[in-house]
Amino acid sequence: MVAELTEAQLLSVWESGSGQGPRDRALLLARTAAGDAETAAGDGVADLTLAGLHALLLGFRERAFGSSLPCAADCPACGEPLEVAVETAELRPPAPAAVPGARPAPPTGSFRAGGRDVTYRALTLRDLLAVAGGGRDSRRALLQRCVVGTSPEAGPLPGRVLEEVARRLPGVDPGAETTVALECPGCGHTWSAELDVAGHLWAEIEGYARRLLYEVHALARAYGWTEQDVLAVSPARRRFYLEAAG
Ligand SMILES: [Zn+2]
């Protein structure tokens with residue numbers, strides 16, 4: 001692959017992430033995409049907004065595997081399986097990507113409800129990591145984290161105000177939601193499907209790691225090489241040796 005990630009590093013990323021949940025994997029991938037300098041500087045990537053996170057991961061994905069993402073979905077109308085290639089540019093947030101090391105604060109917005117001014121900010125990866133689970137309570141907790149101030153001050157906000165925050169969040173962080181427009185060639189049905197950028201990238205890393213380990217296994221068995229020996233050989237030469245070994 002991969003201009004900036006060796007196969008040995010890819011295997012190590014896969015190994016670290018394989019026992020983790022999707023949100024921790026997103027953090028692992030973001031740290032990997034941002035490079036070592038970012039890791040040494042702390043956990044700045046966790047404070048990216050979701051659009052910033054997507055921009056970082058999409059940029060990394062382009063450099064590692066190219067700009068065309070293969071996606072599979074079933075048509076919700078007729079059930080026909082559909083395979084499409086989505087360009088990373090279609091998913092890229094409209095705002096410029098945050099530059100690692102010079103990260104701006106998450107964008108904010110405000111509105112008036114129930115006699116109060118409510119100020120909220122975009123969701124970050126750190127919010128998702130802090131609020132585990134996916135139930136109603138965690139949704140409330142997540143939305144409450146986005147509220148950075150009320151005037152006059154108030155405790156926990158009622159559900160309808162939090163829902164208003166939820167409704168407005170995409171407006172302050174365009175690119176937080178990554179959806180793909182799909183059309184079924186069988187029945188003509190059109191719909192939009194959400195594409196989980198971190199999950200998609202993880203699946204590709206996992207697929208690559210598994211193929212690579214299989215090659216290590218086959219070449220180690222055929223030639224008595226170590227894992228290190230195999231990884232030192234280029235993918236093109238590995239293919240040759242694999243064919244030669246039958
Ligand atoms: Zn269909």
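Author: A residue is called buried under 20% relative accessible area, exposed over 50%, and partly exposed in between (1.4 Å probe, protein chains only). This is a predicted model: local features need pLDDT of at least 70, side-chain atom pairs count only at pLDDT 80 or more, and totals for chains, interfaces and linings use all residues. Numbering starts from 1 along each chain as its sequence is written, and side-chain values use heavy atoms, with hydrogens and water left out.

Start with helix α7, residues 136–146. Helices (H or I, at least four residues) and strands (E, at least two) are DSSP runs, numbered from the N terminus. Ser 138, Leu 142, Leu 143 and Cys 146 are buried in α7. Their directions fall within an arc of 135° down the axis, so they line one face of the helix. That arc is taken from the helix axis to the C-beta atoms. The face turned away from the buried side carries Arg 136 and Asp 137, both exposed. The buried residues pack against β4 (116–121), α6 (125–130), β5 (147–151) and α8 (159–172). Contact here means heavy atoms within 4.5 Å.

Now the charged pairs. A salt bridge is a side-chain nitrogen of Lys or Arg within 4 Å of a carboxyl oxygen of Asp or Glu. The structure holds 12. One of them joins Arg 139 to Glu 163, with the closest N and O atoms 2.5 Å apart. Arg 139 sits in α7 and Glu 163 in α8, so the pair ties together parts 24 residues apart in sequence. Arg 139 is partly exposed at 41%. Glu 163 is partly exposed at 38%.

Another bridge links Arg 238 and Glu 7, at 2.8 Å between the closest N and O atoms. Arg 238 lies in helix α11 (residues 235–244) and Glu 7 in helix α1 (residues 7–17), so this pair ties together parts 231 residues apart in sequence. Both ends are buried: Arg 238 has a relative accessible area of 2%, and Glu 7 has 10%.

Helix α9 (residues 197–223) contains Glu 215. Glu 215 is buried, at 19%. Its contacts, leaving out residues up to four places away in sequence, are Val 230, Arg 238 and Leu 242. Also in α9, Glu 206 and Arg 210 are four residues apart, about one helical turn. Their side chains meet in a salt bridge, 4.0 Å from N to O. Glu 206 is partly exposed at 24%, while Arg 210 is exposed at 52%. Salt bridges with shared partners join Glu 7, Glu 215 and Arg 238 into one network.
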